[in-house]
Amino acid sequence: MEARPSRRLLYRLLAGTIVPTIAALALFGFFAHEVARRALEDELGRRLGTAAAAAAETLFPEQLRAIGPGDEDSLTYANVRRRLEAARQRLGVRRVLAVTPELEARGDTSSTLALGARAYELDADRAEISRALSGNPTASPLFVGHDGVPYMRAYAAVAEPPDARGGGAPGAGISGIAGIVAVEGNADYPAALAAFRRSMIRTGVAALLGVLVLTVWLSRRISRPVARLAQAAARLGRGDLDAPIPIETRDEIGVLAQTLEETRAALRARDERMQMMLAGIAHEVRNPLGGLELYAGLLRDALGGQTERLEEVARIEREVGHLKAVVNEFLEFARRPAPRLETIALRPLFEENRELAAAPGGAAVAVDVADGLAARADAVQLRRALLNLARNAVAAARGGHVQLAAAAAPGDRVRVEIRDDGSGVAPELREKIFTPFFTTREKGTGLGLAFVREIVRDHGGEVAVRDAAGGGSVFSFDLPRA
C-alpha cells in the first residue's frame, strides 16, 4: 500500500522539478553561451581593428598611388610588401593586404593576389569597407576559410595625415584616402568557447543530479509519513481504534497526523461509551425478556389442555425468541472484536456450515472445496459470515439447490462463492441489502448481510452479489490464501 503512493508522489515531484530544471538550465546555458560568444567575437573584432589601423599607419598614401599593374619589380612595391609583412609578423595575424578603394590589390603577404588584381573575396564586406573608408576601423563577420577554420577580417583606411588635408577630420572625404588595409586573423576563441561550453554542461549535469537526489529525498520524506497516515486512516475506517497514530514531523503532515490521532482518540472514547450503553441496554432488555419467557412457560403449564390458549402462548414465546435474537445480533454487530487471523482448513468449515444451514425439506446444500485449501482468517467470524450467507441462500432457494464453493484465485487469494437458484436480488437492492437494519423479510433484523460485509472487509476483501447462470444469486468475496 505504501509503494504506490510513494511512487506516484515521486513521479509528480520529478515532473514538477526535473523538467523545469532541465528547461531552465538549457535556457540559461544557451544565453550564457551566446553572451560569451558575442563578447569573444567583439573582442576579436576590436583587436583586429586595432591591428588594421596600426598596419595602415605604416603605409604612405603616395606609395599606394604610385604603384599599379606592371610595377612588380619596382622598389615602391617591394617596400609596400615589406611593410605589410613586418606588420603581419609584429601583430601576429594570418594575412595583411592593401587594396585601393576600388578593391584592386596593392600588396598581399600571402601572395594570393597579384598587383592590380581585383580582390573579389572582399566584396562580401562592402558595408564594413564603407565604414572603414569613413575613418572607422571595422571588423567583418566570421567566415570559414577553405581549410575549415573560422576567420575574421578588419579594415582600416590608408589616408593623408590630418594636417596634409587642411586639418579636416580623419576620413572626411574620399580625396584623402589612397587605399584600405585588410587584416585577416584566426578566430582563436572557439577553443575557449568550447571549454566554457563543456564547463557549463558539467555544471548543468551536476546541478541536475543534485536536484534529482533532492527530489528523491524529498519524495521519500513526504511520501512515507503520508503513506503511513493513509494506512492509519484505513485502519480507522475499518474500526481499528486501538493502534495510536505516530506523529513523526512538525510540519503540515504532523498537524494532519495530530488531527487523525485526536480523531482516533475521540472515536475510541465514543466507542467505549457506546459499549457501556449497549451493555446497559442488553441488561435492561434481556431481563424483561427472560421474565416474559419464564412467565410464558408457567402460563403454558397452567393452561394444561386448553389448545387455543396454548397456541397464543406459543405465539408469545416465538415473539420473545425473535426479540432475543434481535438483541443478540445487535450486540454482536456492535461489539464485534478485531479479527484474529490464523490458518483455517476451508473444507471442514464449509461442511460444518452445510450441516447447520440445511433444513429438513429445504434446499439441498452442496460443498465444492478442494481438500487442503486453506485461508488466513478468524475462524469464529468467518463461520458466522458463511452461516449467514448459507442460511440466506437456503431461504432464497425455495427448495432448490445451494452450493458453498471456494477455490484458489490469483494473487494468493481464495475466492469464496455461495450460489442459490432462487429468484435473485434486484439490481437496485444489491447495495442496500448490506446496509444495517435494511431487510426485505417480515421478521428479519437487517444485520446479517451488514455483519458479513464488515467481517469480509476486516479480512481485506469486499463482498459482492451478481446474478447466477440459470437464475438465482451468487455472493462472493476473497480471503488471503494460507
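Serine 476 touches Arg415, Val416, Glu417, Glu462, Val463, Ala464 and Arg466, leaving aside residues up to four places away in sequence, where a contact means heavy atoms within 4.5 Å. This is a predicted model, in which local features need pLDDT of at least 70 and side-chain atom pairs count only at pLDDT 80 or more, while totals for chains, interfaces and linings use all residues. Residues are numbered from 1 along each chain as its sequence is written, and side-chain values use heavy atoms, with hydrogens and water left out.

Serine 476 lies in strand 13, which covers residues 473-480; strands (E, at least two residues) are DSSP runs numbered from the N terminus. Serine 476 counts as buried because its relative accessibility is 7%, buried being under 20% relative accessible area, exposed over 50% and partly exposed in between (1.4 Å probe, protein chains only).

Turning to the rings, a search of the whole structure finds 3 aromatic pairs, a pair being rings of Phe, Tyr or Trp (its six-membered ring) with centres within 6.5 Å, classed as stacked when the planes are under 30 degrees apart, edge-to-face when over 60 and tilted for the rest. One of them joins phenylalanine 30 and phenylalanine 31 edge-to-face, at 5.6 Å centre to centre with 70° between the planes. Another, between phenylalanine 143 and tyrosine 151, is tilted, with 6.1 Å centre to centre and 35° between the planes.

How values were computed. Helix = DSSP H or I, 4+ residues; strand = E, 2+ residues; numbered from the N terminus.
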